[in-house]
Structures are given as structure tokens and as C-alpha cells.
Amino acid sequence: VARDPIALLSAILGLSRADVVSQVLRQHAGVALSKTFTKDQAQEERAQFARDELARVATQALVHGVARPGDASYVFVQEAARWLLQRKVDLTLLGSLPLGVLPTRRIIYDNVDPAIRKEVLELVDGFVPDSPDGLGEWVGSLCFSFESAPQTVSGLLLRKPKSKARCWIGRDAEAASFFGLSLFTALFGRAGCDTAWLVEGELDQLSLFQAQLQVDGSVTQPVLALAGGSAPSADGLRTLGIDQVMVIGDNDPGGQGFTRLVLEKTTGLRAQVFDWEHSPFAGAPSDPDDLCAAQGQGPTFLAALRDPDLQLSRHRWVAQSVMAELGVVELGDLDGQRNILERFRKTLHAAEEKELLFEELAEANAAPRVLLQATLTSGSTEQEFVYALMRRIKEEMLPSPSTAATPPPGRAGTDTRSPSLCTAPRTPSPPSPRKSWALTRTTGSGQRSGCPPGSRTSRPPPPATRLTRGHFWPSTPTSRTT
């Protein structure tokens with residue numbers, strides 16, 4: 001409120017932010033907003049307050065249940081608390097983490113702000129039973145708060161302990177969603193903090209967050225989770241002073257797909273990818289949470305992430321991935337090669353990145369350069385691919401018109417054709433009946449007009465003579481005519 005005058009006026013006047021903005025514009029700028037627009041903004045604002053309030057109550061329920069395990073009203077918390085403890089999550093940090101447990105309807109009713117209680121109860125409808133203490137299917141599930149900006153919840157992801165079942169509550173599909181934004185509020189906008197690490201899962205984020213506390217004593221590098229397969233674009237981080245991201249997918253085929261999806265959707269930021277292949281952890285499939293929590297290698301893994309030699313540029317990661325997949329495809333299987341390249345085509349957005357990819361793959365002899373260029377520059381249909389392929393072949397194999405028309409140095413104005421056609425006198429072959437009229441017609445001096453250029457007796461035909469249809473000799477520059 002101290003930094004937001006609109007929020008201050010909203011709290012003092014008891015109005016929504018939309019109503020405050022409408023009144024300020026009307027009184028001081030003479031601008032009147034439509035009632036429909038103001039109403040829609042007020043509804044959106046209340047939906048945002050409901051998400052924020054539910055996230056706060058879920059975190060409060062988890063903290064209370066861990067601190068008082070004997071409280072019968074919070075018995076639903078214990079399974080989630082035990083699971084977090086097994087995953088090596090520091091329970092002393094729970095109050096500061098964007099993490100909670102979905103509580104019962106009674107706890108929600110008793111702890112939310114009465115002014116927004118109706119909207120919160122509508123938000124959990126279908127997830128929390130109508131009975132005050134009913135558990136149902138989702139009560140007791142872990143509740144991860146995803147944010148579009150620090151302290152601004154854009155959706156709550158429910159995940160059952162010891163299960164992969166998950167679902168969303170109140171998710172704003174149009175807003176960017178990152179898990180862990182509020183943990184790094186003090187870093188955003190600070191000089192030297194222009195890179196964020198993006199991981200696949202919420203526990204991956206928590207593990208790297210705790211590893212920083214263990215090694216550095218405080219957070220020094222923003223680490224954000226993107227909820228696996230629903231990974232959005234990371235371009236929204238630019239408003240927080242971030243202009244580069246490093247994608248840290250899991251070291252398995254799923255992580256490869258996650259990385260490709262993030263690179264495809266992120267177009268406005270520079271991007272790097274962690275190089276699992278050349279890291280100390282290349283041996284077996286793993287992920288950040290497994291390395292940091294289960295194997296206790298948090299400090300070692302953190303050092304590897306900070307190693308510049310293990311940070312691949314966007315085009316180099318694509319080249320490395322393409323070469324690995326092309327290695328198992330037959331050399332003559334052009335359709336298979338094209339399918340592999342098509343999967344990675346959309347991850348490159350700048351022409352410079354594509355040219356760098358061509359160079360990487362050409363040096364490695366991974367596939368013909370012509371095929372690579374045709375695949376990466378064509379559309380999605382087979383016809384567009386064929387046209388692009390033929391165009392590339394023409395550019396590679398045939399000289400451009402400007403190159404073909406340029407004479408070699410030192411021979412400007414000379415004919416570059418074969419001497420047998422241009423310089424040495426020759427006697428024409430006997431003409432065929434259809435061409436005889438063009439070859440036997442003579443000039444005033446008796447010389448046949450169809451005689452090859454360079455002949456000692458050749459002279460240009462008189463203006464009235466037109467040698468067109470039957471004149472099959474190559475044309476000769478006028479400077480050669482004697």
C-alpha cells in the first residue's frame with residue numbers, strides 16, 4: 001500500500017481499485033470510463049483478491065498443521081508434511097514459501113477476509129466438500145501458488161502427496177505463471193541480476209532455492225518453475241529486469257521436450273540451456289530435485305550450473321540435439337531427417353541463430369546443408385518443403401545471374417565461350433531443308449550471313465536481312481564483328 005497510491009485510496013475509501021481509477025480520471029483528467037469496463041475490471045480485481053487470499057490461507061494451514069500435529073482440525077495436513085520431509089524440504093521455511101495445503105471448508109470460512117469470503121468459497125467449489133469438515137478428494141493436497149508478478153497469484157496448482165495427480169484452481173490462462181517469484185523480489189531490478197533459471201517442476205525449484213541458502217547463506221540467483229508440460233513463455237520476466245534465461249530441464253526425454261517448448265515460446269529473451277551431456281551428472285537420468293534432495297549433491301550441482309562451459313547457447317543446444325537424433329536415422333531417410341529438424345525449427349527465432357545452426361551442423365557433417373536450410377525455412381506442408389528444397393539446391397548448384405554475367409578479371413568485353421565456337425573459323429554443317437533459307441542467303445559480298453563470327457570474310461548482314469528462326473549460332477558481342 002505504501003508504494004501503490006491506488007491501493008492506498010482503495011483501502012481508505014473502501015472502493016475497488018477500478019472504481020478509484022475511474023473516479024480519479026473523471027475528476028482530474030475529464031475522462032469517463034464506461035460502466036461496463038469499470039464493472040469488468042472490478043470483477044477481475046475481486047477474482048485476483050480471492051486467489052491471493054486462498055493462497056494465504058493454504059500456507060497458514062500447512063504451517064499450523066506442522067507446528068501442532070496433535071490438532072484434530074488439521075489432521076489432513078500430516079500426510080503432506082511427511083511427504084515434504086521425505087523430499088528434504090526444510091519445514092522451517094514453510095512460512096516464507098509459496099506453498100500450502102488445501103484446507104477444509106470450515107477453516108477457509110473462519111480465516112479468509114469476510115469481504116472476499118464469497119468469492120473464495122466459489123473458487124474452491126468442486127474441490128472442497130460442502131460439509132464443514134469434509135475431506136473429499138483434494139483436501140490435504142499440496143497447494144503451489146504460481147504468480148504472474150511477486151505477490152500476485154495467477155493460479156494454484158494442487159498436487160496429491162505420493163501421486164502425480166494434479167489440477168488447477170482459479171488459473172488465469174492469459175497470465176504468465178511462475179512458481180517462486182516472491183522468493184526473489186529483492187533481486188529483481190538489481191544490477192547484475194539479469195538472468196533467471198527455469199526448471200521443470202516445483203520441487204526442482206525448492207531444491208535449488210535451498211541449495212543457494214546452504215552454499216551462499218542467501219538467495220543470489222532467481223530460480224523459477226514453469227509447471228512442466230504447461231510451460232508458458234518466459235517473456236514476461238522482462239518487466240522484472242530479466243533479459244536472459246537458462247533452461248534446466250530434466251535429464252530425460254521429457255526434459256528435452258520441456259526445453260524445446262520453452263525455447264519455442266520464449267521469443268523476446270536471450271536463452272541458454274544447461275549442458276547435461278558434458279556435466280558430471282551425464283550418466284543416468286536425473287533432475288535437480290533428485291540430485292539436490294535424494295543424492296545430497298546440491299552444492300556440486302549448483303557449481304555446475306554456474307559453470308559457463310556448461311551453458312549452451314540456443315542454436316548450439318539445437319545443433320547438439322539434432323545431431324544426437326540424426327545419428328540414429330539412416331543417411332538416405334530424408335523424411336526422417338526432415339521430421340527431426342521440423343521439431344526443432346520453431347525454437348530458433350532470429351536469422352542469425354539459424355545461420356549459426358547451419359554452420360554447426362555443416363562442420364559436424366550431420367546432414368546435407370541444403371536439406372537443413374530447406375527444412376528450417378519452409379512451411380509445414382510437403383509442397384512448401386519441396387519448393388524450399390529445390391530453391392536451395394538451385395542456389396547451391398547454379399551461379400546467380402549476376403555472377404554468370406560478370407566476365408573474369410582482365411577480359412572485360414571479351415567472349416568467354418569455347419574457342420571452337422567463337423574464334424576458330426569453321427565451315428557450317430550442311431543445312432537441313434527447314435533451315436536452308438537462313439544458311440544459304442548471302443550478303444552483297446557473297447558471304448553467307450550465317451557464317452560463324454570470326455570468319456575473315458564475315459560481314460554484318462544488311463538491315464533488311466533478318467536471321468531469326470533459322471540462325472542457330474550463338475550470338476556474338478558487337479565488338480567482335482569485323
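Colleague: What is S286 in contact with, leaving aside its neighbours within four places in sequence?
Modeller: This is a predicted model, and in it S286 contacts D250, N251, W276, F281 and L291, with neighbours within four places left out.

Colleague: Where does S286 lie?
Modeller: S286 sits in a loop. The loop runs between β9 (270–274) and α9 (288–294).

Colleague: Buried or exposed?
Modeller: S286 is buried. The relative accessible area of S286 is 7%, and buried means under 20%.

Colleague: Let's switch to E147. Which strand is E147 in?
Modeller: E147 belongs to strand β2, residues 142–149. E147 is buried, with a relative accessible area of 3%.

Colleague: What does E147 touch, not counting residues up to four places away in sequence?
Modeller: Leaving those out, E147 touches T152, V153, S154, A176, S177, F178, G180, L181 and S182.

Colleague: How many residues apart in sequence are E147 and L181?
Modeller: E147 and L181 are 34 residues apart in sequence. In space, their C-alpha atoms are 6.5 Å apart.

Colleague: And contacts across the chain? What share join residues at least 24 apart?
Modeller: Take the contacts between residues at least 6 apart in sequence. Of these, 67% join residues at least 24 apart.

Colleague: Now the whole chain. How many helices and strands?
Modeller: The protein chain has 18 helices and 10 strands. The chain has 482 residues, and 43% of them count as buried.

Colleague: Pick a helix. How many residues of α7 are buried?
Modeller: In α7, 11 of the 15 residues are buried, so the helix is largely enclosed by the rest of the structure. Among the buried residues are E202, L203, D204, Q205 and L206.

Colleague: Why does the length of α7 agree with what it should span?
Modeller: Helix α7 covers residues 202–216. At 1.5 Å a residue, its 15 residues should span 21 Å. The end C-alpha atoms are 21 Å apart, so the two values agree.

Colleague: What follows α7?
Modeller: G217 comes after α7. The phi of G217 is positive, near 85°.

Colleague: At what angle do α7 and α10 cross?
Modeller: The axes of α7 and α10 (residues 298–305) cross at roughly 95° and come within 9 Å. That makes α7 roughly perpendicular to α10.

Colleague: Which residues meet there?
Modeller: From α7, L208, A211, Q212, Q214, V215 and D216. They meet G298, P299, F301, L302 and L305 in α10. By class, the contact of α7 with α10 has 7 nonpolar, 3 polar and 1 charged.

Colleague: Next pair. How do the axes of α11 and α12 cross?
Modeller: Helix α11 is residues 314–326, and helix α12 is residues 334–345. Their axes come within 10 Å and cross at roughly 155°. An angle over 145 counts as roughly antiparallel, so α11 and α12 are roughly antiparallel to each other. The crossing of α11 past α12 is right-handed.

Colleague: Which residues make the contact?
Modeller: On α11, W317, V318, S321, V322, E325 and L326. On α12, Q337, I340, L341, R343 and F344. The contact of α11 with α12 divides into 7 nonpolar, 2 polar and 2 charged residues.

Colleague: Last one. Which residues in α12 are buried?
Modeller: G336, Q337, R338, I340, L341, F344 and R345 are buried in α12. Helix α12 has 12 residues and reaches 16 Å from its first C-alpha to its last, close to the 16 Å expected.

Notes: Residues are numbered from 1 along each chain as its sequence is written. This is a predicted model: local features need pLDDT of at least 70, side-chain atom pairs count only at pLDDT 80 or more; totals for chains, interfaces and linings use all residues. Side-chain values use heavy atoms; hydrogens and water are left out. Axes are lines fitted to C-alpha atoms, for helices over the stretch in contact, and angles run from 0 to 180 degrees between N-to-C directions. Helices (H or I, at least four residues) and strands (E, at least two) are DSSP runs, numbered from the N terminus. Angles under 35 degrees count as roughly parallel, over 145 as roughly antiparallel, 65 to 115 as roughly perpendicular and the rest as oblique. A crossing is left-handed if the near helix is turned anticlockwise from the far one by less than a right angle, and right-handed if clockwise. Contact means heavy atoms within 4.5 Å. Ala, Val, Leu, Ile, Met, Phe, Trp, Tyr, Cys and Pro count as nonpolar, Asp, Glu, Lys and Arg as charged, and the others, Gly among them, as polar. Buried means under 20% relative accessible area, exposed over 50%, partly exposed in between (1.4 Å probe, protein chains only). The expected span of a helix is 1.5 Å times one less than its number of residues.
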